[in-house]
Structures are given as C-alpha cells and as structure tokens.
Amino acid sequence: MWRQNGTFVKEFILLGFTSNPVLQRLLLVLCLVMSLAIVFGNSLIIFLVWVDSRLHTAMYFFIGNLSLLEIFFTLIIIPQMLVHLALGTKTISFNRCMAQLNLTLSCGMTECFFLALMAYDRYVAISNPLRYPTIMRMQLCVQMAAACWVGGFFNAATLTVITINFPFCGPNRINHFFCEEPAVLHLACMDTYVVEVLIFALSVIVLILPFTFILVSYIQIVKVVLRMRSAEGRQRAFSTCATHLTVVTLFYSTISFTYLQPRSDRAADQEKKASVFYALVSPMLNPVIYSLRNKDVKGALAKVMGKAS
C-alpha cells in the first residue's frame with residue numbers, strides 16, 4: 001500500500017470476464033468443473049507415481065512434481081474466482097492480491113525450470129540408456145527438483161518485493177480475473193518502465209533460457225535418434241518425448257504471450273484469454289496427455305483399478 005495525501009489503496013477490484021449474471025453462472029459451473037478435473041487428474045498422477053514401483057524413475061518423479069505445481073496453481077487462483085462469480089463481489093485485499101501474485105509467479109517460474117529439467121532427463125534416457133539409472137539417481141533428482149522449487153520461489157519473491165514497493169493510489173480496478181504481475185503494474189501511480197524492463201529481463205532468464213535448454217536438448221536427442229539403426233527404436237525414442245513436447249508447447253505458447261511482449265503491444269482482453277489457457281486448460285489437459293500417451297501410466301492405472309474392483 002502507499003499513502004498520499006491521506007489516501008491509499010486497501011483493496012483491488014478484479015473485473016473478471018463479464019458482469020452479466022447469466023454468463024457469470026455459466027462461468028461458475030464451467031470453472032468449478034474444470035478445477036475439480038484439474039485437482040482430480042493431477043492428484044491421480046501423483047498417487048500413481050507414489051504407489052507403483054514401475055514409476056519410481058526420474059521421469060515420473062518430475063511429472064509428479066509438475067502435477068503438484070498444477071494443483072497449487074489452481075488452488076491459488078480458482079477458489080477466489082469462484083467466490084467472485086458466486087457472490088458477485090469482485091474485491092480482493094491488497095495483501096491477498098500481492099500474495100496471489102507471488103504464488104502464481106512462483107508456480108509459473110518453477111514449472112519453467114522443471115520443463116527444462118525433464119528435457120535433460122529425456123536426453124540422458126535416450127543417449128545413455130544403460131547408464132540412465134546411475135546418472136539420474138533419485139538422490140540427484142531430489143536435489144535438482146529442490147533447486148527448481150527454490151529458484152522459482154526466489155525469483156518470484158524478488159519481483160513481488162519490487163511490486164509491493166510501488167505506489168498504488170488509485171484507480172484500483174484490475175482488468176483480469178486474478179492478480180497477475182503485468183495487470184497489477186498497470187495500476188501503479190508512477191512510471192513502471194524500469195520495472196517492466198526488469199520483468200522482461202527476468203522473463204528472458206526464466207522463460208527463454210530454459211526454453212533454449214529444452215531446444216538444445218531435443219536437437220541432441222534428434223541427432224542420437226537419427227543414428228539409430230532400428231526403426232522401432234527411433235519410434236520408441238520419439239514417443240517417449242511426445243508427451244513432454246506437447247506440454248512444453250501448451251505452456252510456452254501462452255505464457256510467452258503475457259510476459260514476452262512489449263507493453264504497447266499487449267491487450268488486456270487477450271492477456272486474460274491467454275491466462276485462462278495456462279491457468280485452466282493446460283493443467284486440465286496435462287494428466288490426459290500423460291495418461292493417454294504413456295503405457296506405464298495406463299498400466300499403473302489399470303493395476304490400481306484392478307485392485308479396487
């Protein structure tokens with residue numbers, strides 16, 4: 001908060017998508033169903049990775065972490081949105097808004113690091129299959145996963161501290177359905193150019209560098225696969241990467257739209273649409289992608305269902 005002439009912003013108003021009561025009820029049902037699907041689907045992935053010994057490998061350990069991130073991201077955003085849609089109130093306190101901003105940034109940045117780590121895992125699995133269990137031993141995987149979590153939350157905390165120290169003296173209407181960094185910065189009572197340059201630079205580090213690492217990893221994977229003599233081996237190698245590539249495409253195609261464009265080129269309504277995709281659609285699709293295109297996950301699910309029956 002910032003005080004100027006006795007006034008300060010105590011709360012923000014999240015405009016959301018519409019003020020039409022009928023559309024709000026439809027959105028309430030749709031968002032509730034999607035959020036339940038996200039929590040159930042990703043919880044199922046975590047459960048299968050936990051209980052099935054065949055999934056106790058580096059790849060599924062990272063997938064489990066990714067599913068946990070999706071659940072966190074959903075629980076940070078959706079309950080607040082459901083309350084606003086159900087009650088018609090759209091206010092959120094300053095502190096709660098900053099907390100939501102920090103946690104969503106943390107989850108997004110951590111996911112970037114995990115996607116890069118999963119690309120390296122696929123490279124090791126395909127280029128050194130015999131040494132894969134030794135190289136990607138669980139102790140190392142836990143350490144790398146911890147580095148991803150700490151790195152994501154540290155970078156997000158840096159941006160949040162900078163944002164909190166900006167003066168917010170009005171207006172207080174955020175053209176979004178949650179407190180996202182670019183939308184909140186638009187309300188600052190001073191020129192935010194320097195901070196936006198900092199955000200862009202940090203976005204390059206957090207988004208572009210991991211994406212470059214993913215790209216380089218897959219270039220190396222393609223080189224290894226093309227040297228394989230067996231067509232079946234090439235097909236199997238590419239199929240193990242298909243799920244990860246699909247998730248990377250879904251994530252980066254939307255998140256880059258929000259954080260890697262100059263301010264003058266951004267449209268608030270377009271940002272909201274992109275945010276819906278990476279806040280709801282992508283987390284809901286990820287468990288489906290992992291289960292439908294993965295024999296191990298489908299086998300683990302069949303085994304659990306068989307025991308239950």
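Tutor: A residue is called buried when its relative accessible area is under 20%, exposed when over 50%, and partly exposed in between, using a 1.4 Å probe and protein chains only. The model is predicted, so local features need pLDDT of at least 70 and side-chain atom pairs count only at pLDDT 80 or more, while totals for chains, interfaces and linings use all residues. Residues are numbered from 1 along each chain as its sequence is written, and side-chain values use heavy atoms, with hydrogens and water left out.

The part to look at is helix α5 and the helices around it. Helices (H or I, at least four residues) and strands (E, at least two) are DSSP runs, numbered from the N terminus. Helix α5 covers residues 138-164, which is 27 residues. The expected span of a helix is 1.5 Å times one less than its number of residues. For α5 that gives 39 Å, and because its end C-alpha atoms are 39 Å apart, the two agree.

The buried residues of α5 include Cys148, Trp149, Gly152 and Asn155. An α-helix has 3.6 residues a turn, so residues three or four places apart point the same way. The buried residues of α5 pack against α2 (58-87), α3 (94-127), α6 (181-185) and α7 (193-226).

Thr110 counts as buried because its relative accessibility is 0%. Contact means heavy atoms within 4.5 Å. Leaving aside neighbours within four places in sequence, Thr110 is in contact with Leu69, Cys148, Trp149, Gly152 and Phe153.

Trp149 also belongs to one aromatic cluster, together with Phe61, Phe62, Phe72, Phe114 and Phe153. Rings of Phe, Tyr and Trp (its six-membered ring) pair if their centres lie within 6.5 Å; planes under 30 degrees apart count as stacked, over 60 as edge-to-face and the rest as tilted. By this rule there are 14 aromatic pairs. In one of them, Phe62 and Phe114 are tilted, at 6.4 Å centre to centre with 55° between the planes. This pair links distant parts of the chain, with Phe62 in helix α2 and Phe114 in helix α3, 52 residues apart. Both Phe62 and Phe114 are buried.

Axes are lines fitted to C-alpha atoms, for helices over the stretch in contact, and angles run from 0 to 180 degrees between N-to-C directions. The axes of α2 and α3 come within 10 Å and cross at roughly 160°. Angles under 35 degrees count as roughly parallel, over 145 as roughly antiparallel, 65 to 115 as roughly perpendicular and the rest as oblique. Helices α2 and α3 are therefore roughly antiparallel to each other.
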